[in-house]
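Here is a short report on a ligand site and on aromatic packing. Sequence and model come first.

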Amino acid sequence: MREKPRFVPALKFDWLTRFFDPLMKLSMVEKRFREALLFQANIKDSDIILDFGCGTGTLLIMVKERFPNAIAYGVDIDSNILKIAQEKVKDSGHEIFLNSYDGILLPYGDKMFDKVLSSLVFHHLARDQKIAALKGIHRILRRGGELHILDFGKAQNILMRGMFLPIQIFDGFANTSDNVKGLLPKIIEEAGFDEVVENKRINTLFGTISLYSAVKLG
Ligand SMILES: C[S@@+](CC[C@H](N)C(=O)[O-])C[C@H]1O[C@@H](n2cnc3c(N)ncnc32)[C@H](O)[C@@H]1O
């Protein structure tokens, strides 16, 4: 029998997952950073998009509102949060395909996507999970396809470093330390991506958020 995948839920405990959306609205500059990720990704109506770790589906709904003809998929390891996403997607009236990830194999064919987006997921993953996820994303991107990640990055100053501590206590030091040390670009490169760039930093109540992009050339 396959082991249950190990993962850190959106707010660490399953019973808190339903509070994720209200908390995001209250505590972070949610709209600003989601808009920044969409701007960076420069989505086109002809794109096939995946949101890796889509959570409650907020970003995917924003994609479809702006680019109704783009084909949008979301994948997440947590079946509880996917249930919330299913409800929100249904209410939105958009066609968005949501899939479950077992933490090992992304349920998509090779070279299927033009762009993969991911927001606030990689600080939930241990180093080995980060690399496995990135290699999986590399496999499902077409040549020339792009990865756009938004997540906690290197703290911009000592205040931002301090503000990030609650997230580290909540989501675990082992999972979050690569992020705050600014190692994500190196890890993305190690997984096979080219042209890895940190494009933007946004300071929030919980530390510095960075936006990274990378391309699959080979
Ligand atoms: C903080 S939430 C962010 C959700 C969403 N991307 C957003 O921006 O609102 C982190 C998400 O990562 C998911 N996650 C955690 N570990 C994962 C893994 N190994 N693979 C895929 N998703 C994972 C969680 O289930 C959760 O939905």
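## Terms and model

Buried means under 20% relative accessible area, exposed means over 50%, and partly exposed lies in between (1.4 Å probe, protein chains only). The model is predicted: local features need pLDDT of at least 70, side-chain atom pairs count only at pLDDT 80 or more, and totals for chains, interfaces and linings use all residues. Residues are numbered from 1 along each chain as its sequence is written, and side-chain values use heavy atoms, leaving out hydrogens and water.

## Ligand site

The ligand is surrounded by 19 residues (a heavy atom within 4 Å). The closest are Arg34, Gly53, Asp76, Ser119 and Leu125.

Polar contacts are pairs of N or O atoms within 3.5 Å. A polar side-chain atom of Arg34 sits 2.8 Å from a ligand oxygen. A side-chain N or O atom of Asp76 lies 2.6 Å from an oxygen atom of the ligand. The protein buries 97% of the 590 Å² that the ligand exposes when taken alone (Shrake-Rupley method, 1.4 Å probe).

## Aromatic pairs

The whole structure holds seven aromatic pairs. Rings of Phe, Tyr and Trp (its six-membered ring) pair if their centres lie within 6.5 Å; planes under 30 degrees apart are stacked, over 60 edge-to-face, the rest tilted. Tyr73 and Phe97 have ring centres 5.0 Å apart and planes at 35°, so this pair is tilted. Tyr73 is buried at 17% relative accessibility; Phe97 is partly exposed at 31%.

Phe152 and Phe164 also form a tilted pair, with centres 5.0 Å apart and planes at 45°. Phe152 is buried at 2% relative accessibility. Phe164 is buried, with a relative accessible area of 2%.

How values were computed: A polar contact is a pair of N or O atoms within 3.5 Å; within protein, one must be able to donate a hydrogen and the other to accept it, and residues adjacent in sequence count only if both atoms are side-chain atoms.
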